[in-house]
Amino acid sequence: MDDLNALKTELMDSIATADSLAALEAARVAALGKKGRLTGLMKSLGGLDPEARRETGAALNTLKDAVAAALEARRAALAEAELQARLEAERVDVTLPVRPRRQGHIHPISQTIDEMVAIFAEMGFAVAEGPDIEDDWHNFEALNFPPGHPAREMQDTFYLPDRDDGAKMVLRTHTSPVQVRTMVSQPPPIRVVVPGRTYRSDYDMTHTPMFHQIEGLVIDETTHMGHLKGCLVEFARAFFNVDDLPLRFRPSFFPFTEPSAEVDIGCSRAGGQIKIGNYGDWLEILGCGMVHPNVLEACGIDSKRYQGFAFGMGIERPAMLKYGIPDLRTFFEADLRWLKHYGFVPLDVPNVAFGLTS
Ligand code: PHE
């Protein structure tokens, strides 16, 4: 019996001091394994006389149960400790800022579109879209372009093979066909902006064959040219972040607006550098006007009841001016070093309430 007590102390000790699941398994094998100490004693029971066998057998069974229970308790404790250690080691702090090294960048054109849309969204405009490949009717005819209009000429427009029904197909030369698509598909009141790609056969320092525009269209029963002016003044001041930025509306001509205007913003060209602000010089940024009654009628809208304004603006130039990007063509060279320099942090989503990118 004393021997068994000593063995119990020894085995319990080896279990209590096992400091890993592997060490505990070694202790288990040493006690209960095929060649374990208890197993050995169990085997030797056969050599005892019946009386001693019963007594020793009962004591060995009690010890075996105690050892098994101690093993299980220690195993559970070690497993829990190992889990805790792993949780601690693999903990992720989701409140840490994004690691800049691993970040992609938002292209300045995408960022500028998001900023412009954010400003117009604040004024109640929704976003509309249309296809890059257009038919002649949406791109020209419904917009009141006469058949011989210079913009239709081969040099400016990318023509595609005719559609099966004979329609002439083009890469849209402006975002204005989406005015038509919007008016045809929904009744007034309408208030949309249309950012998107546009195409003209032109390539030099200041022109790329693909570029971007944002179109605006408002149609209801009361909107007039004063609203157009207010809307664009508000937009330009918010976009360039210049509170007293002056705007100049110069009479102009577009087939789809009457009257039409081109809009200049104040700037300075001192030192060969363009700076936006109230400095006395002017820079053209967009075309606009009151939607021509012929366009309303072509879209099935009663021009005696409804009226409104439209504007169209390039996106590259304002982006270059705002972010100091000197060369238009670099926008489309897909140079990662350029993008890293001029690109934006993905989480920096433009929003008028929290401030635009500046
Ligand atoms: N579509 C014109 C252009 O590309 C811009 C414009 C849009 C002018 C809407 C007036 C109204 O030059």
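Predicted model: local features only at pLDDT ≥ 70, side-chain atom pairs only at ≥ 80, totals over all residues.

Colleague: Which domains does the assignment give?
Modeller: Domain 1 spans 2-89 and domain 2 spans 108-342; such bounds come from an automatic or database assignment. Their centres, taken over C-alpha atoms, are 83 Å apart.

Colleague: At what angle do α5 and α8 pack?
Modeller: Helix α5 (residues 108-122) and helix α8 (residues 225-240) pack at about 135 degrees, with axes 10 Å apart. Axes are lines fitted to C-alpha atoms over the stretch in contact, and angles run from 0 to 180 degrees between N-to-C directions. Helices are DSSP runs (H or I, at least four residues), and strands are runs of E of at least two, numbered from the N terminus.

Colleague: And which residues make the contact?
Modeller: Thr112, Glu115, Met116, Ile119 and Phe120 of α5 meet Cys231, Phe235, Ala238 and Phe239 of α8, where contact means heavy atoms within 4.5 Å.

Colleague: Turning to the sheet, what is the strand order?
Modeller: The order is β2-β4-β3 in an open, antiparallel sheet of 3 strands; strands pair if DSSP finds at least two bridges between them. β2 (133-135) and β3 (159-160) are the edges, each with a single partner strand, so one side of each has no neighbour in the sheet.

Colleague: What stands opposite Asp135?
Modeller: Met169 in β4 does; 3 bridges join β2 to β4 (residues 169-171).

Methods
Residues numbered from 1 in each chain as written. Heavy atoms only, no water.
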